[in-house]
Amino acid sequence: MAIPLLWLGAGLAAAYAGKEIAREKQVADGHIRHFPGKDARQVTPVDGALVCCGIYEIFQHTGIWVDNHIVELNGNGLVRAISPGRFLSQRSGSRIYVACHTTLQPMVDDAAARRAMEKVFQYQDYDVISNNCHRFSLACITGRTQPVTRFASLNEAIRDHFQDVIHWQPASIPSYLL
C-alpha cells in the first residue's frame with residue numbers, strides 16, 4: 001500500500017521540479033520577469049488585457065478582460081463572457097493576474113476586446129493540446145491563429161508580439177465582481 005503513495009509523491013515532486021526548471025528558462029530567455037504570484041503590486045485590468053489564474057499550481061487558465069468580465073474558451077468548447085468570480089470558482093487559483101509591460105501597464109492590443117466579444121456564444125472544437133484557452137487568448141490578441149499548447153509558449157508569443165518582457169501582476173478587482 002505504501003509503494004503507490006511513494007510513486008505518487010515522486011511523480012508530484014517531478015512535476016513540480018519540471019515546472020520550476022521551465023520557469024527559470026523563461027526568465028533566462030527574457031520572456032517573463034514575474035510569474036503569477038511572484039510580485040504583489042496590483043494592476044487594474046483594462047479591456048483587451050490578457051488575464052490568467054492558476055489550476056492546482058501547475059497549470060494556468062487564460063482569457064481576455066472585457067467590461068469587467070473575462071472572455072474565455074471553456075473546456076466544453078463554448079466561448080463565454082463570465083464574471084471574475086466565476087472565472088476563479090471553477091479552478092483552484094484564488095487570484096487573477098494581468099500580463100503587464102515593464103512599466104506595469106497591462107499589455108493590450110487595441111482589437112483584442114473586440115475579437116474576443118465577436119467569439120462569445122460560439123463553439124470551437126476544444127482540445128487541451130491543440131485548441132485550448134491559450135491559443136484562443138493569443139488569437140484574440142494577435143488576430144492570428146497560432147499553435148500554442150502550454151503557458152510557456154503563450155508567454156513567448158506574447159513577449160514577441162508586444163516586444164517587452166511580461167510581468168504577471170495581481171489584478172485589482174472590486175470585491176463585488178468576485
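Mentor: Contact means heavy atoms within 4.5 Å. The model discussed here is predicted.

Trainee: With which residues is Arg95 in contact, leaving aside its neighbours within four places in sequence?

Mentor: Arg95 is placed in the loop between helix 2 (84–89) and strand 6 (97–100). Once its neighbours within four places in sequence are set aside, the residues in contact with Arg95 are Gln42, Cys52, Cys53, Leu88, Pro170 and Ala171.

Trainee: Is Arg95 buried, partly exposed or exposed?

Mentor: Buried requires under 20% relative accessible area and exposed requires over 50%. The relative accessible area of Arg95 is 30%, so this residue is partly exposed.

Trainee: Which backbone oxygen does the side chain of Arg95 reach?

Mentor: Ala171 is among the residues in contact with Arg95. At 3.1 Å, the side chain of Arg95 reaches the backbone oxygen of Ala171.

Trainee: Why are the buried residues of helix 3 on the same side of the helix?

Mentor: The buried residues of helix 3 (residues 112–119) are Ala112, Ala113, Arg115 and Ala116. They lie on the same side of helix 3 because the arc they cover around the axis is only 165°.

Trainee: What is the phi of Phe121?

Mentor: Phe121 follows helix 3. The phi of Phe121 is positive, near 75°.

Methods: Residues are numbered from 1 along each chain as its sequence is written. This is a predicted model: local features need pLDDT of at least 70, side-chain atom pairs count only at pLDDT 80 or more; totals for chains, interfaces and linings use all residues. Side-chain values use heavy atoms; hydrogens and water are left out. Helices (H or I, at least four residues) and strands (E, at least two) are DSSP runs, numbered from the N terminus. Buried means under 20% relative accessible area, exposed over 50%, partly exposed in between (1.4 Å probe, protein chains only). A polar contact is a pair of N or O atoms within 3.5 Å; within protein, one must be able to donate a hydrogen and the other to accept it, and residues adjacent in sequence count only if both atoms are side-chain atoms. The arc is that of the directions from the helix axis to the C-beta atoms.
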